[in-house]
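Here's a quick tour of a protein model, written for someone just getting started with structures. Have a look at it first, and then we'll walk through it topic by topic.

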Protein chains: 2
Amino acid sequence: MDTQLSNKGEGTMKNIIQDVENNVNWLSQFGAVPSGGITRLLYTKEWFDAQQALKSKFEDIGLDVSFDEVGNLSGRLTGSQYPEQVIMSGSHVDSVVNGGNLDGHFGIIAAYLAIQYLKEKYGTPLRTLEVISLAEEEGSRFPYVFWGSKNLFGLAKKEDVQNIKDGAGVSFTDAMRGLGFNFKQDETAARKDIKAFVELHIEQGSVLENEGNTIGVVNSIVGQRRYNITLKGQANHAGTTPMRYRKDAVYGFSRICTESIAKAEAAGDPLVLTFGKVVPKPNTVNVVPGEVMFTMDCRHTDQAYLKTFTEEIEHDMRAIAKEMGMEIEIDRWMDEAPVPMDPQLVDTLKNICDKEQLNYRVMHSGAGHDAQIFAPRVPTAMLFIPSIKGISHNPAEKTKTEDLVEGVKALTQALYQLAYQD
Amino acid sequence: MDTQLSNKGEGTMKNIIQDVENNVNWLSQFGAVPSGGITRLLYTKEWFDAQQALKSKFEDIGLDVSFDEVGNLSGRLTGSQYPEQVIMSGSHVDSVVNGGNLDGHFGIIAAYLAIQYLKEKYGTPLRTLEVISLAEEEGSRFPYVFWGSKNLFGLAKKEDVQNIKDGAGVSFTDAMRGLGFNFKQDETAARKDIKAFVELHIEQGSVLENEGNTIGVVNSIVGQRRYNITLKGQANHAGTTPMRYRKDAVYGFSRICTESIAKAEAAGDPLVLTFGKVVPKPNTVNVVPGEVMFTMDCRHTDQAYLKTFTEEIEHDMRAIAKEMGMEIEIDRWMDEAPVPMDPQLVDTLKNICDKEQLNYRVMHSGAGHDAQIFAPRVPTAMLFIPSIKGISHNPAEKTKTEDLVEGVKALTQALYQLAYQD
């Protein structure tokens, strides 16, 4: 089978380049914005149109199609021998505001194409194949993320969303019900039939491109700690206050940033540390800044390491503030544990890449994905394909067509092995 | 005379504490805002009311009062022997938005009280005494500073202001003419009669307070260089971009700030260096900042030193940017030379302070003042009085009454010596 699927111009995959391009372009029309990007937010018309169109597409190739209560769309090819064992693939259909046309969406197209190829070539699988178009992952309309995948596992609580609204004041509940969807009747019900979940996604980083790889086999999603930190010095006249009297909060921040980033660089991969937001007060040329609010985002694949490293940075910050006679408030508002992928499934993907002589690397994901909701509950792994210049969440989000194609091929092989082999 | 004026409870100054408090409170009503501060902007009703009220006050003590064409208000006590030699004192009547009730204004009150005391006690001086309430210094309504003092010396050009507007869209010209004022007929005409100008002002810094002094004799106003600097790195995903691939503009800024401030601290007084404004892009928690715009404000009393120091910092910044693979744009948009005060007049003030056993220090001004427009043209000096905690441009701008009183006494002595002694 491998050989046949891989033979360019032969078999069911002979039009794969065109299939990939056509499907990406086709799905891009739903929520297209003048910038060339896509805005397809949960429970909007654009989102509904995309799900309905995908539904028709799945039906056209003979899948059993259904929405769950909240609007996750599934297309199933029921297995002959183990119909109750589902091999699932897909990703989220929603986008960020003015996002690109690959983030999430391409994982749905890839799974759809893979199942189409496999069905055409091999007919009914032993296990059930399911493509899933997850309702929501980005949190771009309402302040809630992973609404789609969390609902598969009984993790989304009605009380978490029933009082939230979008920027226009529309409530989550009204938006959902307006399209005929609703909360799950049994809020805690969880899918028990998923034997494996493989999510193909663009990398949204530049490791594959920089290292010259076509495929990433993801073995872990990083843990993240995020902070809001406020350093309080004293605002003073920039001309009349000698250096020795100052409590310059921007200088304090700069010392913290410089020392912390140097430590992060010394620590090396997979640790990353970012001071992304800096808001001094009063933020004007001729006043010594009396206060600065800044954020810190730290990620690592190892929870203990992440904890130790950030605690050291917290300690350093307090020491610098104390030395400079300033107050510091450190608020850690996010603490997400790293999520390892299933080692056996990772091995399966590696073996396929080896066998197919793909130019791949095993890597972690520095961004969050639906796979992190699946992974603690069902065997899960991810395939990455390169992002040109690492750009994502932007209309300039692109992947070379040949890399998109390689991704679909690798996923097809994986689903073949998982669904058709005993 | 000295002894008599200094004797508390004796002579014409017996009510000086009350005089100072009453006059500060009285002038504070013009432009009072609910915060407790003052907003008295050029050519507004509040400004006009203040000037008109000061005019009446000056007339009440028998001064010859006049406005010049642009609205500077003068009250003159003509000298018997050298009427054409004017000993001038005063400051600006305008405030910043939501400012305090001392910055500028108290220099007018102090000069008014000093002339009142001297007239009552000694009658007609040898030289003419003139209190001046300068129309504008702050640039808080229109983007133009020192409108008042520049007009005294033919330095304000019609073309510089005729196209500027305030925040509400009112043109400078309309605002001025609406109150009956106008451009000078002879734009280049300059006062030739000023033999000395002494400006009393609050320090707007905390040197006097910290060092325990009551009076500052200002020997120089600092030169200033101000910059807008843009450092361009590369915006990247904070999770998916390893540290070694980053061009983090905030990290670049932090290195520049840390190294530069350390150099400024090592240089010591009178050098001051401030990075007051920092605006990263996109300024969000989970994106490596691709760009940062920041300001630099550097001041020193020695022009050559200021030039050498800032050029070294500029060189350092470029080196850091180059090392980090970033672009840097350095825009120096202000380059004002230091302004020395008149050495002879400074000596006169020092001698008076010595004689009166005042707790004074000779110091520079880190902020700009009307005196810097006068100083290159006529013998000029300044007296500072302490600002509590150095706070200014704020409703909390305060000076202890006893320090206000000491300032008026010192100014009275100075004007006595300059106007009554041969």
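Let's start with two helices: Asn23(A), Trp26(A) and Leu27(A) in α2(A) touch Ala50(A), Ala53(A), Leu54(A) and Lys57(A) in α3(A). Sorted by class, that contact is made of 5 nonpolar, 1 polar and 1 charged residues. Keep in mind as you read that this is a predicted model.

**How the two helices sit**

- Helix α2 covers residues 16-28 of chain A, and helix α3 covers residues 45-60 of chain A.
- Their axes come within 10 Å and cross at roughly 145°.

- Chain A has an average pLDDT of 95, and 97% of its residues score at least 70.
- Where in chain A does pLDDT stay under 50? That happens over residues 1-11, for which the model has 22 contacts beyond four places in sequence.
- For the complex, the predictor gives an ipTM of 0.87 and a pTM of 0.87.

**Strand β12 and its partners in chain A**

- Strand β12 spans residues 291-300 of chain A, and 8 of its 10 residues are buried, so the rest of the structure largely encloses this strand.
- Which way does strand β7 (residues 223-232) of chain A pair with β12(A)? The two are antiparallel, with 10 bridges between them.
- Within that pairing, look for Ile229(A), which has Phe294(A) of β12(A) opposite it.
- Strand β9 (residues 272-274) of chain A also runs antiparallel to β12(A), and 3 bridges link the two. Here Val272(A) faces Arg299(A) in β12(A).
- Strand β10 (residues 278-281) of chain A is another antiparallel partner of β12(A), this time through 4 bridges. Lys281(A) is the residue opposite Glu291(A) in β12(A).

**A hairpin in chain A**

- Strand β1 (residues 64-67) and strand β2 (residues 73-77) of chain A run antiparallel and share 4 bridges.
- Together β1(A) and β2(A) make a hairpin, with 5 residues between the strands.

- Some background first: most residues other than glycine have a negative phi, and most peptide bonds are trans.
- Which residues of chain A does a cis peptide bond join? They are Asp269(A) and Pro270(A), with omega at about 0°.
- Pro270(A) belongs to the loop between α9 (249-267) and β9 of chain A.
- Over in chain B, a cis peptide bond with omega of about 0° links Asp269(B) to Pro270(B). Pro270(B) is in the loop between α9 (249-267) and β9 (272-274) of chain B.
- Tyr43(B) isn't a glycine, but its phi is positive, at about 60°. You'll find Tyr43(B) in the loop between α2 (16-28) and α3 (45-60) of chain B.
- Why is Tyr43(B) called buried? Its relative accessible area is 4%, and buried means under 20%.
- Phe146(B) is another residue other than glycine with a positive phi, near 60°. Its spot is the loop between β4 (127-134) and α5 (147-152) of chain B.
- Phe146(B) has a relative accessible area of 9%, so this residue is buried.

**A proline on the outside**

- Pro343(A) is part of helix α11 (residues 343-355) of chain A.
- Is Pro343(A) buried or exposed? With a relative accessible area of 57%, Pro343(A) is exposed, as the cut-off for exposed is over 50%.
- Pro343(A) and Pro270(A) are 73 residues apart in sequence, and their C-alpha atoms are 19 Å apart in space.

**Where the two chains meet**

- How many residues does the contact take from each chain? It takes 57 residues from chain A and 56 residues from chain B.
- Met243(A), Tyr251(A) and Val285(A) account for 16% of the area that chain A buries against chain B, more than any other three residues.

Note on methods. Residues numbered from 1 in each chain as written. Chains lettered and ligands numbered in written order. Predicted model: local features only at pLDDT ≥ 70, side-chain atom pairs only at ≥ 80, totals over all residues. Heavy atoms only, no water. Buried < 20%, exposed > 50% of the residue type's maximum accessible area, 1.4 Å probe, protein only. Pairing = 2+ DSSP bridges. pLDDT = per-residue confidence, 0-100. Contact = heavy atoms within 4.5 Å. Axes fitted to C-alpha atoms, helices over the stretch in contact; angles between N-to-C directions. Nonpolar A, V, L, I, M, F, W, Y, C, P; charged D, E, K, R; others polar. Buried area = accessible area lost by both parts, 1.4 Å probe.
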